[in-house]
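Hi everyone, thanks for coming along.

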Amino acid sequence: MNSIKFFNLKRNKNINPYYADRNERNSFAAGIIVDYLKDVTSILNIGGGGKRHLKKNIGDRSISVFEIDLGGDIDMKLNLDEIESLPFADGEFNLACAFDVLEHIEQFHLINDELLRVSNKHILISLPNSACEIFSTVLFNKRIYNDVENGYYSKYYGLPLQKPSDRHRWWIYFEDIVRFYQEFSIKNNLDIEFFISKENFKKRAFKFLFGDRIYYNFFIPYVWVHLSRK
């Protein structure tokens with residue numbers, strides 16, 4: 001089955017992510033955890049940003065959140081590109097999370113495998129669709145100004161004026177994400193579902209005119225993947 005057909009089969013249209021910043025992204029994730037997953041009491045959150053956004057949005061509940069990042073208010077400081085495994089036992093957490101994190105590291109595949117190893121129930125991942133930037137930046141001349149660590153158009157891509165402190169290591173299309181997790185779910189015998197933002201009238205019209213493949217690859221900014229053990 002090709003990636004678009006697989007995505008349409010596995011998309012959960014009842015969950016529609018929409019947010020503008022890190023805190024809103026974590027608010028959306030907290031809603032999934034509290035209202036949808038429900039059986040989660042322990043969470044590993046890698047690359048959460050060092051401000052405990054996820055725990056704050058979950059609120060005063062009996063759900064523990066262990067935070068890993070390079071700095072800030074965290075439980076463990078860890079460079080994900082300098083390890084051979086996460087320092088946790090198999091199945092130590094109910095849920096392992098990585099929200100817009102894996103694209104920043106060279107060891108994408110290793111850390112993705114490790115999220116599965118340390119989780120006994122769920123994995124929740126969000127990834128940006130790199131190609132979505134093409135229309136919003138180049139076509140509409142949406143430039144980055146006065147930042148020597150950014151590209152001409154993009155915060156995480158392009159050629160900056162000096163070596164940046166953080167970059168996306170992977171240019172990822174929508175179908176890259178779907179194909180990767182399609183194979184990952186089959187290989188590891190996992191249930192899978194995808195979440196993307198709901199289409200408004202203009203997007204539905206564009207999708208109708210140009211088809212699913214063009215619409216998904218160039219107009220969906222991020223994809224959420226929920227994996228669970230059977």
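Before we look at any pair, a salt bridge here is a side-chain nitrogen of Lys or Arg within 4 Å of a carboxyl oxygen of Asp or Glu. Also, this is a predicted model, so local features need pLDDT of at least 70 and side-chain atom pairs count only at pLDDT 80 or more, while totals for chains, interfaces and linings use all residues. Residues are numbered from 1 along each chain as its sequence is written, and side-chain values use heavy atoms, with hydrogens and water left out.

Okay, so how many salt bridges does a search of the whole structure find? Nine. One of them joins Lys 121 to Asp 39, with the closest N and O atoms 3.9 Å apart. Lys 121 sits in strand β5 and Asp 39 in the loop between α2 and β1, so this pair ties together parts that are 82 residues apart in sequence. When I say helix or strand, I mean DSSP runs numbered from the N terminus: H or I with at least four residues for helices, E with at least two for strands.

Are these two buried or exposed, or partly exposed? Buried means under 20% relative accessible area, exposed means over 50%, and partly exposed is in between, using a 1.4 Å probe and protein chains only. Lys 121 comes out partly exposed at 30%, and Asp 39 is partly exposed at 34%.

Next, Asp 75 and Arg 52 form a salt bridge, their closest N and O atoms being 3.1 Å apart. Asp 75 is in the loop between β2 and β3, Arg 52 in the loop between β1 and α3, so the pair links parts 23 residues apart in sequence. Arg 52 is buried, at 19%, whereas Asp 75 is partly exposed, at 37%.

Then there's Arg 117 with Asp 90, where the closest N and O atoms are 2.7 Å apart. Here helix α4 holds Arg 117 and the loop between β3 and β4 holds Asp 90, so parts 27 residues apart in sequence are tied together. Asp 90 is exposed at 59%, and Arg 117 is partly exposed at 24%. Salt bridges that share partners also join Arg 11, Glu 199 and Lys 207 into one network.

Lys 207 takes us to helix α7, and to how α7 meets α8. Residues 201–210 make up α7 and 212–219 make up α8; the two pack at about 130°, with axes 7 Å apart. Those axes are lines fitted to C-alpha atoms, for helices over the stretch in contact, and angles run from 0 to 180 degrees between N-to-C directions. Under 35 degrees counts as roughly parallel, over 145 as roughly antiparallel, 65 to 115 as roughly perpendicular, and the rest as oblique. So α7 and α8 are oblique to each other.

Now over to the strands. β7, residues 222–229, is mostly covered, with seven of its eight residues buried. Two strands pair if DSSP finds at least two bridges between them. β7 pairs with β5 in the antiparallel sense over seven bridges, and Val 223 in β7 is the bridge partner of Leu 127. β6 pairs with β7 too, also antiparallel, over six bridges, and there Asp 191 stands opposite Ser 228.

How values were computed: Contact = heavy atoms within 4.5 Å.
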